[in-house]
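The following exercises are to be worked through with the sequence and the model at hand. Each task is followed by its solution in steps.

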Amino acid sequence: LVPLPSVPPHPALHTCQGLAPCLPEEGQVNTSGPRLLLATLHPASGSSTAMDRIFSALLFSLLLLLQSYGVCGAPPQPRGTLCRTKPTDLVFIIDSSRSVRPHEFEKVKVFMSRVIEGLDVGPNSTRVGVINYASAVKNEFSLKTYQTKAGLLQAVRRIEPLSTGTMTGLAIQFAISRAFSDSEGARVRSPNFNKVAIVVTDGRPQDGVQDVSARARAAGIEIFAIGVGRVDMHTLRQIASEPLDDHVDYVESYSVIEKLTHKFQEAFCVVSDLCATGDHDCEQICISTPGAYKCACKEGFTLNSDGKTCSACSGGSGSALDLVFLIDGSKSVRPENFELVKKFINQIVDSLEVSDKQAQVGLVQYSSSVRQEFPLGQFKNKKDIKAAVKKMAYMEKGTMTGQALKYLIDSSFSIINGARPGVPKVGIVFTDGRSQDYITDAAKKAKDLGFRMFAVGVGNAVEDELREIASEPVAEHYFYTADFRTISKIGKKLQMKICIEEDPCECKSIVKFQTKVEDLINSLQR
């Protein structure tokens with residue numbers, strides 16, 4: 001038996017989430033992983049040694065096969081080869097006014113460096129320039145200055161803040177007239193090249209930005225606007241390109257600006273296999289097609305009308321579930337973001353089958369105090385639950401996460417509040433900041449009692465606290481995003497993870513694999 005080289009995975013192998021190696025469905029050809037070539041042997045008559053060698057080779061090859069499939073059933077993808085960046089003229093426009101403290105400016109430099117590290121840098125690929133501004137504008141380096149990634153990273157480390165006013169409009173005008181000019185290394189406008197400016201600011205500009213930003217966009221420059229702290233959101237929307245949801249980003253402080261790195265690496269990425277990189281909206285199965293993808297569901301699930309999500313926890317004796325949301329309603333969330341949180345809750349509710357015998361949902365909001373919005377079992381259908389969520393009033397004030405966790409343990413999952421004995425208990429904790437009280441004991445007790453705890457953090461949420469709340473394995477129960485507008489992506493992941501059902505792929509693949517092994521052994525025996 002001779003292992004042959006691996007080839008790219010078949011789409012069918014994107015389906016398995018269980019521990020067993022997944023084999024493709026009937027009628028599909030498995031072209032992934034090591035293939036086995038059965039060599040024809042002619043042992044001497046009555047020779048048991050030859051047969052021993054055959055079985056030894058068989059067992060060795062099966063071990064190689066199992067090892068190559070890994071935990072998820074598909075061979076591991078080579079890192080760094082699934083994404084290449086489209087040739088781009090990229091200019092960072094960085095606010096270093098007096099309001100940006102030196103240690104905060106260092107965070108901006110780290111953010112720029114992380115974005116640059118994900119680019120294909122070179123004269124024929126991506127070129128990078130940096131404009132530093134305050135009351136005046138300083139061209140730190142132009143698009144033609146550095147042609148290697150190492151040179152760019154060294155130059156970014158040397159940038160110093162200017163520490164005066166905030167002339168954002170002047171900086172954007174400088175980008176139009178000079179940074180994106182032929183003399184500074186910009187290329188002629190073409191469908192083959194992108195012209196991109198990333199503006200980072202933390203305050204209200206002292207000059208106008210609307211007209212100059214419109215001229216920049218008309219010149220073919222795609223503008224991303226990142227606001228930090230007390231930035232004027234109206235200004236960001238005047239600067240950015242359409243659609244604004246994709247081009248305007250906000251973070252609570254410079255300490256979390258690095259979280260936006262992944263977004264910009266994706267923005268510059270040209271992907272040939274969206275399924276392989278995970279850059280898709282499919283809840284369960286992603287099937288690659290040339291330049292696109294389509295979604296499907298595992299056996300026992302059905303594709304919803306949106307073409308992306310699957311009906312989860314529908315039917316079966318294992319689908320009973322008591323689910324309680326523990327939602328941070330502190331002042332730092334802000335009213336507009338609290339509306340996004342309510343949409344996040346209802347997104348997950350949509351994936352459940354709500355009834356007395358299946359899923360029950362409860363909702364608790366907390367800030368400086370804890371308030372039960374509605375207990376488990378009060379509402380018997382999704383429509384009523386979603387209506388109650390939409391009516392939930394924003395509390396504001398502090399962030400007493402520890403007190404809220406204690407309430408979850410003592411009240412939310414009690415029989416008097418609708419919890420059912422013997423039914424799996426799931427808690428989803430959502431927060432955007434550091435807790436103002438002690439969480440360790442309550443977080444540990446919740447998990448010790450067998451509650452399955454998910455922790456979702458946004459913005460200034462402290463990742464160590466989220467990990468402390470989350471059940472094991474932490475990587476599957478803890479989620480973080482820098483921006484409230486991206487929490488819907490977390491919702492899609494949670495829709496599948498909270499379902500208490502047997503993975504139909506796991507058992508089926510074991511049976512198929514065992515059958516094929518037995519057939520091989522029987523053939524050799526004959």
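**Exercise 1.** State where E396 and K397 lie and which backbone feature each has.

*Solution.* Step 1: E396 is found in the loop between α11 and α12 (401-412), and K397 lies in the loop between α11 and α12 as well. Helices here are DSSP runs of H or I with at least four residues, strands are runs of E with at least two, and both are numbered from the N terminus. The model is predicted, so local features need pLDDT of at least 70 and side-chain atom pairs count only at pLDDT 80 or more, while totals for chains, interfaces and linings use all residues. Residues are numbered from 1 along each chain as its sequence is written, and side-chain values use heavy atoms, with hydrogens and water left out.

Step 1: Although E396 is not a glycine, its phi is positive, at about 65°. K397, also not a glycine, has a positive phi of about 70°. Most residues other than glycine have a negative phi.

Step 2: E396 has a relative accessible area of 34% and is partly exposed, whereas K397 counts as exposed at 62%. The classes are buried (under 20% relative accessible area), exposed (over 50%) and partly exposed (in between), computed with a 1.4 Å probe on protein chains only.

**Exercise 2.** Determine how helix α11 is placed against helix α10, and which residues meet.

*Solution.* Step 1: The axes of α10 (residues 335-349) and α11 (residues 382-391) come within 9 Å and cross at roughly 170°. Therefore α10 is roughly antiparallel to α11, a term for angles over 145 degrees. Axes are lines fitted to C-alpha atoms over the stretch in contact, and angles run from 0 to 180 degrees between N-to-C directions.

Step 1: From α10, K342, I345, N346 and V349 meet K382, I385, K386, V389 and K390 of α11; contact means heavy atoms within 4.5 Å.

Step 2: By class, this contact of α10 with α11 has four nonpolar, one polar and four charged residues. Ala, Val, Leu, Ile, Met, Phe, Trp, Tyr, Cys and Pro count as nonpolar, Asp, Glu, Lys and Arg as charged, and the others, Gly among them, as polar.

**Exercise 3.** Carry out the analysis for helices α2 and α3.

*Solution.* Step 1: Helix α2 (residues 102-117) packs with α3 (residues 149-157) at an angle of about 175°, their axes being 10 Å apart. Hence α2 is roughly antiparallel to α3.

Step 1: K109, M112, S113, I116 and E117 in α2 meet K149, L152, L153, V156 and R157 in α3. The residues of this contact divide into five nonpolar, one polar and four charged.

**Exercise 4.** Describe strand β18 and its pairing with β17.

*Solution.* Step 1: In β18 (residues 478-481), Y478 and Y480 point one way, F479 and T481 the other way, and all are buried.

Step 1: Four bridges join β17 (residues 452-458) to β18, and the two run parallel; strands pair if DSSP finds at least two bridges between them. The bridge partner of V458 in β18 is T481.

Note on methods:
Angles under 35 degrees count as roughly parallel, over 145 as roughly antiparallel, 65 to 115 as roughly perpendicular and the rest as oblique.
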